[in-house]
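Please keep the sequence and the structure in view while reading.

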Amino acid sequence: MKQLLLILPLVLFTVTSKAQLNDSIEVRQPAWGNQPIIIQPHGVVTDGFNYWEDDFTGHWSGIYLGVNGLADQDYSMYSDEEAGFLDVDLWRSTVLNVNLIQFSKSLQRTRNTIGLVTGLGMEIQTYFLDKKTSIEQGPSRIEPVERFYDSKQKSKLSSIYLSVPLLVEFQVPVKNYGNRIYLAGGIVASKRLNTHTKVKYRENGKKEKLKMPDDFYMHEFRFSGMLRVGYRWINLYASYDLQPLFQEGKGPELYPFSFGLALISF
């Protein structure tokens with residue numbers, strides 16, 4: 001009976017030790033000298049989130065607001081008195097980009113910091129002109145016209161484009177996974193959907209407007225070089241058209257450009 005009582009605690013201790021073997025840490029003290037203690041973990045979980053296996057996500061989608069202007073002006077086909085009729089007020093000439101669709105594709109097999117970005121967006125572009133100046137489509141070229149109704153009238157040229165980008169984007173992680181500096185560059189192809197001029201004025205105390213839609217010898221398709229850079233909530237962009245605003249020989253040689261920032265990124 002005494003032997004049974006001695007064996008029973010020994011069996012229980014052995015079973016308990018084996019049950020805890022897979023999730024315990026075994027500490028061994030070497031039998032020689034002042035060697036360090038050896039710690040042997042058992043059952044350590046190695047599965048988890050792999051930083052480099054997450055999908056690459058670029059930066060295109062969002063709502064962007066900027067300003068646009070016309071550079072490298074050449075009015076050589078017009079008289080000196082007509083030159084400059086498309087000078088714009090830069091800080092009032094706005095461009096709104098609504099980019100709702102985005103596709104991203106990594107260019108790396110084991111990392112997610114370089115990739116291609118494309119998508120679809122809508123661009124609403126407005127140039128504010130001198131308040132008395134507008135344009136019309138003549139038989140063979142753009143012609144400047146003066147439309148004066150009152151001293152506070154406004155004149156502008158507006159276009160709507162459908163845009164598709166092809167950008168290469170580089171990302172550099174900063175401190176943690178979610179914070180990345182990015183730099184993207186490439187080409188944006190755009191299809192012009194609508195163009196019109198508009199003059200707003202007052203007559204007999206009433207607001208009036210004169211709106212004239214036309215293509216104004218502008219290119220149906222345009223191609224722009226684009227650069228985008230950002231970090232967290234700061235997202236900036238700049239673009240420069242690769243061809244003039246008007247078809248060759250149909251108007252002054254003017255190259256549109258724009259720059260702005262993201263109001264909302266998603």
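Are tyrosine 75 and tyrosine 78 buried or exposed? In this predicted model, both tyrosine 75 and tyrosine 78 are buried.

**Aromatic pairs**

- The structure holds 7 aromatic pairs, and one of them joins tyrosine 75 and tyrosine 78, whose ring centres are 6.4 Å apart and whose planes stand at 65 degrees, so that this pair is edge-to-face.
- Tyr75 and Tyr78 also belong, together with Phe85, to one aromatic cluster.
- Another pair is made by tyrosine 149 and tyrosine 201, and because their ring centres are 3.9 Å apart with the planes at 15 degrees, this pair counts as stacked.
- Tyrosine 149 is found in the loop between strand 7 (142-146) and strand 8 (154-174), while tyrosine 201 is found in strand 9 (residues 176-203), so the pair ties together parts that are 52 residues apart in sequence.
- Tyrosine 149 is partly exposed, with a relative accessible area of 36%, whereas tyrosine 201, at 13% relative accessibility, counts as buried.

**Charged groups over rings**

- Arginine 222 has its charged end over the ring of tyrosine 161, at 4.1 Å from the centre of that ring.
- Lysine 191 lies over the face of phenylalanine 221, and here the distance from the ring centre is 5.8 Å.

**Threonine 126**

- Threonine 126 is part of strand 5 (residues 114-128), and because buried means under 20% relative accessible area, its 11% relative accessibility makes threonine 126 count as buried.
- Its side chain makes a polar contact of 3.3 Å with the side chain of serine 158.
- When neighbours within four places in sequence are left aside, the residues in contact with threonine 126 are Asn68, Ser93, Thr94, Lys156, Leu157 and Ser158.

**Cavities**

- The model contains 2 cavities of 30 Å³ or more, and the largest cavity has a volume of about 100 Å³.
- The lining of the largest cavity is made up of 16 residues, and those that lie nearest its centre are Asn97, Glu123, Val188, Met226 and Ser239.
- Two or more residues of this lining come from each of strand 4 (94-106), strand 9, strand 11 (221-231) and strand 12 (234-241), and strand 11 gives the most to the lining of the largest cavity, with 4 residues.

Terms used: Residues are numbered from 1 along each chain as its sequence is written. This is a predicted model: local features need pLDDT of at least 70, side-chain atom pairs count only at pLDDT 80 or more; totals for chains, interfaces and linings use all residues. Side-chain values use heavy atoms; hydrogens and water are left out. Buried means under 20% relative accessible area, exposed over 50%, partly exposed in between (1.4 Å probe, protein chains only). A polar contact is a pair of N or O atoms within 3.5 Å; within protein, one must be able to donate a hydrogen and the other to accept it, and residues adjacent in sequence count only if both atoms are side-chain atoms. Contact means heavy atoms within 4.5 Å. Rings of Phe, Tyr and Trp (its six-membered ring) pair if their centres lie within 6.5 Å; planes under 30 degrees apart count as stacked, over 60 as edge-to-face and the rest as tilted. A charge sits over a ring if NZ of Lys or CZ of Arg is within 6 Å of the ring centre and within 35 degrees of the ring normal. On a 1 Å grid over the protein atoms alone, a cavity is a set of points where a 1.4 Å probe fits but cannot get out, and a pocket is an open set with protein on both sides within 12 Å along at least five of seven lines; lining residues have an atom within 4 Å of a point. Grid points are joined across faces, edges and corners, and a volume is the space filled by probe spheres set on the points.
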